[in-house]
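Try each task before reading its solution.

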Amino acid sequence: MLSSYARYLARVGQPGTAEAAGASGAPLTLEQQLRRDEEDAEVVAVITQVLESLAALASDEPCSQHPQQAQKPAAAGASKAAGNAQPPAPPPPPSLGSELRSGLRRSQVLEHTAAALLRLAAAAPAEAPPPATAPPQQMWVHVTQATCYLCWSLKRLLSKKGWDVSLANWHALVPSGARTPPAAASSSAAPDADAAEKAAQAAAVKERAAQVRPLLSGPCLQFFLCWALGCTRLTVEHVAGLGGEPREVVEAGADAAAELALQPRLLMRPLQPSLRPV
């Protein structure tokens, strides 16, 4: 399923052809391309919602324990015991979380999702100026929804039922050997009663981070996260009445301005504040 999603997402936002209309590969008109992008944006929102739901189920999955069964005492001779010997128990099935991480790694669906969202965001029509009362563009609504779902999916990948949520979980994503923020000093010299539990969680988070880190290292996903963070900042400014006007991700020089004017531009824009926050 994830591989099928990845194949679909790889073509989202790409220039299309009108083969379905019998034009034998003729390029789509701007109106046809926009209509297809709007339909794709709605589908991407559904795909990211599925990913977030799977990640939520995996994070809520209890740690499975498989204690060894107590051996029955021998009640007869050696030959009878050998004849009644039970076959070894099959190994426990892999957890949903491990299967999900394995599928994400093979399919690269997170990278394809991030790239598709960036292309759709660049193709989304510009919003009307603030005084206008027109409803938001539906395509941007779907991009906002998909952005929120994808960010929540990434958060779920590094979460587990019963874990304390803290920045230390995210610091664990830093590769070994890199500088990490110093841990906060304890306000009391007395030993912490929960020190053992905290140490066990820290070890589990470190192990999980080593599995999740490769899933987040793709260039498109890294760029998407920076873009989403910029959009979130503009959303806060917009809600607070402090501006929040769209901005260029990278300011283009005067020499490239004419060339970029003919291409879709990726802007950081306020997300729809009425939707689920990132």
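**Exercise 1.** Find which residues of α9 are buried and what covers them.

*Solution.* Start with burial (under 20% relative accessible area with a 1.4 Å probe, protein chains only): in α9, the residues L221, F224, W227, A228, G230, C231, L234, T235 and E237 are buried. This is a predicted model, where local features need pLDDT of at least 70, side-chain atom pairs count only at pLDDT 80 or more, and totals for chains, interfaces and linings use all residues. Residues are numbered from 1 along each chain as its sequence is written, and side-chain values use heavy atoms, leaving out hydrogens and water.

Next, look at the cover: it includes α5 (109–123), α6 (138–157), β1 (247–248) and β2 (267–268). Helices here are DSSP runs of H or I with at least four residues, strands are E runs of at least two, and both are numbered from the N terminus.

**Exercise 2.** Compare the span of α9 with the expected one.

*Solution.* The expected span is 1.5 Å times one less than the number of residues. Helix α9 (residues 219–239) has 21 residues and reaches 30 Å from first to last C-alpha, close to the expected 30 Å. After the helix comes G241, with a positive phi near 75°.

**Exercise 3.** Count the disulfides, then check C148.

*Solution.* Take pairs of cysteine sulfur atoms within 2.5 Å; the count is 0 disulfides. C148 is in none, and the nearest cysteine sulfur, that of C151, lies 7.0 Å away. As for accessibility, C148 is buried, at 5% relative accessible area.

Note on methods
Buried < 20%, exposed > 50% of the residue type's maximum accessible area, 1.4 Å probe, protein only. Contact = heavy atoms within 4.5 Å.
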